[in-house]
Each structure stands twice: as structure tokens, then as C-alpha cells.
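Have the sequence and the 3D view handy.

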Amino acid sequence: LGEPRRFTLQYEGPAPADAPASVVGKFPSDNKVACASGKDMGFYRSEVMFYREAAHKTEIKTPKVYAAEIDPETHDFVLLFEDLAPALAGDHMQGCSVENARLALAEAAKLHSAFWNDTDLMNQDWMYVPEGAQGFYTTELMESSWDHFEKTYAHRMDPQVIKVCDKFIRNHAAWNAPRDMPKCYSHNDFRVDNMLFEGESVAVVDWQTSNFLGSGMDVAYFLGGAFDRETRRAHETDLLHEYHDNLVARGVDGYDFDHLLADYRHYSFAVLAVAIAATVIVKQTDRGDHLFMKMVTDGAYQAIDNDALDVLPS
């Protein structure tokens, strides 16, 4: 949905000691469909406002931002960040190690605990607080996107996965009903593609879909796609316990592990909405096609393995 670029800088005269040798910029997509989606669905505004209003209030590691500007009329924007090289960008198609997943979930706990049930932040005029469980993706959009997805990709996928998706789409309106507190500020595309890894450091980028919604979204979304199915099954409970322990250590109370598990099951379907809708709202690429099929497959298996289909009413 955006165009990132690295700029190598040269200075006229002696450069200050802290002057960067390079910066990274992010701009509206050069694809008409993706650019319209970024503007009309509020993705560009969400990311700019995260860096302007929220990033400094949490300990989660993100790139230092030099400029975050958006035109309120056209929604054209510019973001300029520090260049975190030599950190390596994650690859969703490859996943990550269990240790890197542990580091990523520790970062998630920093974000969520900082804004846990933060009604002041929820009431800011720039903050998007969806009416339902997940923002942006209406039932109308999901139904039309599923029609396209099924015709285009279903013949290349496990029929069991298609059955899960079909049931989710039929029940999307009920699944996307409003959820009670607790709620927290969430990234909502929390996966390895949007992380930069260097040693024991993980920086999280791409905050276009960040908003304030029910707890459990980022954790379910991340663990569903970070590993192959066997590895996830072997480690997800331990990783969920570590994430929960981190929340408690950071001051979150009244949220027991069983509540987290219920949220985890509910939000195992969120990745289906994101990936299915993405096939019609972003620029199409070969990698994108394989990515969306993988995201849908992983999410469906995650829902099956955790009995999440029981969440759906019919």
C-alpha cells in the first residue's frame, strides 16, 4: 500500500556527528488501486498519526521518525525514518525462529500494556476505534472479496481451508460484532514481514492498519503465520504464556490466561479477513498471491487446531 525508498545522503561541508548517512522514506503507492485504498480506508492517516502521537508513549522499538506529514485534504503523505540497516527484514514466506517470535511478542506486550483500556487515547479524534471486532473490513467487502478469492485461488488450496473460509465469511457479521473491554492499541498487521531483526532487537514497522480494538488480535495474527503448522502447535501455548506474563509484569491486571485464550481463538480468523480483502485492495504481485494463500492457509489451520470454529454461530 506504500512505496518505501532508501536515500543515501551527502552533505555540503562538514556533517554534524549525528547526521545520518542514509534515511528511509515512505510515500503513497504508485498503484492507483492501492493508493486509493490507502487514502479511502484511512491507512495512510493511521500510520502518520501513530508516529506523531503514539510511538513515543510506548517502549516498543520502532524507527526514529524525522518527518511525518499528511495533507488533510488529499491524504498524500511523507514519512522519513532512520535507516535501521544492517537489521534484516523478516520474510513471512520463511517465518521466523521460536526465539525471534519470543522477542516479537515481548515487543507486542510493550505496545499493548502501554495503551491497555486507554480511554483517553480512544477518544482522540485521530484514533480509529472500530465498531466491531476488526476495523476496515466490512461484511460487504468480505463477501465480494471472497467471491474473487475463491474463483482465483481455491483450486490451488486445501479444500479443508476453503471450507473454513466459507464458514467464516457466512458468519462474518456475527464474528465482527462489538467486543467488550479489555481493548488496546494494536498494530493489526503484526507479522514478520513488518519486522526488522538484528541480534536480540526487533523493530516493528508498517503501522498503516493500527487502531484500537479488542485484545488478542496481534498475538493471534502473529503466531498463526510465524511458523509451519507443526512448530506452531508445539510452541504456541508456551509463547502465549510468556506474552501474558509480560502483560502482567507491565501492570495489566484483571485479564487472566483463559481470557487471552478466548481472545486468541476469536482473532485467529482476523488474518483471513486481511488476506482475502487484500487480493482486491492492494497491488497484485506474484509474491503477494503466494503470501495471501499462505496467510489464509495458516489462519485456517490455526482456527482448526484451537477449536475456533466453535466461535462461529453456524
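Start at Val48, which sits in helix H2 (residues 43-54). Helices here are DSSP runs of H or I with at least four residues, numbered from the N terminus. Before going on: this is a predicted model, where local features need pLDDT of at least 70, side-chain atom pairs count only at pLDDT 80 or more, and totals for chains, interfaces and linings use all residues. Residues are numbered from 1 along each chain as its sequence is written, and side-chain values use heavy atoms, with hydrogens and water left out.

Is Val48 buried or exposed? Val48 is buried, because its relative accessible area is 0%; buried means under 20%, exposed over 50% and partly exposed in between, with a 1.4 Å probe and protein chains only. Leaving aside neighbours within four places in sequence, Val48 is in contact (heavy atoms within 4.5 Å) with Ala68, Glu69, Ile70, Phe77 and Leu79. Glu69 is 21 residues away along the chain, yet its C-alpha is 6.6 Å from that of Val48.

Now hop over to helix H9. Its buried residues are Arg232, Glu236, Leu239, Leu240, Tyr243, His244 and Leu247.

| Helix | Residues |
|---|---|
| H3 | 98-114 |
| H8 | 217-226 |
| H10 | 257-267 |
| H12 | 286-305 |

At the start of H9, a side-chain oxygen of Asp228 comes to within 3.1 Å of the backbone nitrogen of Glu230. After H9 comes Gly251, with a positive phi near 100°.

Key: Helices (H or I, at least four residues) and strands (E, at least two) are DSSP runs, numbered from the N terminus. A polar contact is a pair of N or O atoms within 3.5 Å; within protein, one must be able to donate a hydrogen and the other to accept it, and residues adjacent in sequence count only if both atoms are side-chain atoms.
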